[in-house]
Amino acid sequence: MDLLQYEFMQRALVAGLLVALLCPLVGMFVVIRRQSLLGDGLGHIAFAGVTGAALVGTHPVLGAAVCTIGAAFGIEWLRRRHRQYVDMGLALFFYGGLALAVVCSSLAKIPYTGMMSFLFGSILTVTWPDIAGIAAISVAVLALLHRYRPALLLSGLDPDLAKVNGLADARLNLIFTALVACVVVVGMSIVGILLISALMIIPVAAAHLWHRGFLGTTLLALIYSFLMVGAGLTLSYMADLAPGGTIVLTGLGLYAVTGLLRHLGMAV
C-alpha cells in the first residue's frame, strides 16, 4: 500500500477506477450489438483529432472529442445509406482517420514521446482537472445509458423486434456511437487510444464465460474491470512497467484464468 503515499498514484487510481466503471457498462452493449471493433476504429479517428489539435494549437482532448463525435455522425449516415457495405464503409473511415493522424503529426512536428503517450496512455501524468473532466463525462454517459438501456438491449438482442416497437432507429444508433466515442476520449489518457477498446471488451468477454444473465454478466464485468485497473497499476508500479499495457495484459490474464476454471468445471 506504500504506492498510495504518492499523489500521482492516487490520481492514477482514481482516474483508472472511473474509466473502469464506465468501460464495461458501455462494452456490454458493444458486445451485444456485435460491434467489438467500433471502439478500436474510433480510437484511430481520435488519434487524428489529437494530432489535428496539436496542429491548430488547441487542447488534444477537445480535438479528439470533436473528431470522434463527428465521426459518429458520419458512421451513422454511412450505415443508413449503404447497409450492405457497412463494414467496408467503416474501414474507410478508420483508415482515413489513421492516415490523417500521420499527416497531421508530421505537419505539427509532434515528438515521438508525445505520440506514445496518446497511443498507449499516460495515466501517471493525469491531473485533478483531468479527473474532474473524466468524472463529468462519465456521469453524462451513465445517465444516457440508463435512459436508453432497454432500447439498446432490445436492439442488440432482437433487432427485428426492436424495429417493430420503433426502438431501433437512426437516433438510437447515433447516440450509442457517440457514447462509445466519449469512452474512447475519456480512456485515452488511461490505457491509450490503441488499447481503450480492450478495456471495453476484455472484462465483458471474461464475464461471459460464467454464463449469467445480463445483470449478472454486467456486475461480473465491473469486477473484472476494477481488478484489471487495480492489479495492473500495482504491477506496473512494482515492476516499473508501462501502465496501459500492464492493465490490458492483466485483463487477458484474468480472462485466461477464468477460461481455465471453466474448462475444469469450476465456473458453474
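In this predicted model, the axes of helix α1 (residues 7-32) and α10 come within 9 Å and cross at roughly 145°, and the crossing in which α1 passes α10 is right-handed. On the α1 side, the contact is made by Met9, Ala12, Leu13, Gly16, Leu17, Ala20, Leu21, Pro24, Leu25, Met28, Phe29 and Ile32, which meet residues of α10 that include Phe214, Thr217, Ala221, Phe226, Val229 and Tyr237. Sorted by class, this contact of α1 with α10 holds 18 nonpolar and 4 polar residues, with no charged residues.

Helix α1 also packs against helix α9 (residues 196-208), at an angle of about 70° and with the two axes 8 Å apart. Angles of 65 to 115 degrees count as roughly perpendicular, and α1 and α9 are therefore roughly perpendicular to each other. Here too the crossing is right-handed, with α1 passing α9. Val19, Cys23, Pro24, Val26, Gly27, Met28, Val30 and Val31 in α1 meet a set in α9 that includes Ile196, Leu199, Met200, Pro203 and His208; the contact of α1 with α9 divides into 13 nonpolar and 2 polar residues, with no charged ones. Pro24 and Met28 are among the α1 residues that meet α10, and Pro24 and Met28 are also among those that meet α9.

Helix α10 (residues 214-239) has a further partner in helix α11 (residues 243-263), and the axes of these two helices come within 8 Å and cross at roughly 130°. That angle makes α10 oblique to α11, and α10 passes α11 in a right-handed crossing. Among the residues of α10 in this contact are Tyr224, Leu227, Met228, Gly232 and Leu235, while α11 contributes residues including Pro243, Ile247, Val248, Gly251 and Leu254. Val229 and Leu233 of α10 take part in the contact with α11, and Val229 and Leu233 are also listed in the contact with α1.

| Helix pair | Nonpolar | Polar | Charged |
|---|---|---|---|
| α1 and α10 | 18 residues | 4 residues | no residues |
| α10 and α11 | 11 residues | 6 residues | no residues |

Two or more lining residues come from each of α3 (60-81), α5 (112-120), α6 (128-157) and α8 (170-187), and α6 provides the largest share, 5 residues. By class, the lining of this second largest pocket comprises 10 nonpolar, 6 polar and 1 charged residues.

Notes
Residues are numbered from 1 along each chain as its sequence is written. This is a predicted model: local features need pLDDT of at least 70, side-chain atom pairs count only at pLDDT 80 or more; totals for chains, interfaces and linings use all residues. Side-chain values use heavy atoms; hydrogens and water are left out. Helices (H or I, at least four residues) and strands (E, at least two) are DSSP runs, numbered from the N terminus. Ala, Val, Leu, Ile, Met, Phe, Trp, Tyr, Cys and Pro count as nonpolar, Asp, Glu, Lys and Arg as charged, and the others, Gly among them, as polar. Axes are lines fitted to C-alpha atoms, for helices over the stretch in contact, and angles run from 0 to 180 degrees between N-to-C directions. Angles under 35 degrees count as roughly parallel, over 145 as roughly antiparallel, 65 to 115 as roughly perpendicular and the rest as oblique. A crossing is left-handed if the near helix is turned anticlockwise from the far one by less than a right angle, and right-handed if clockwise. Contact means heavy atoms within 4.5 Å.
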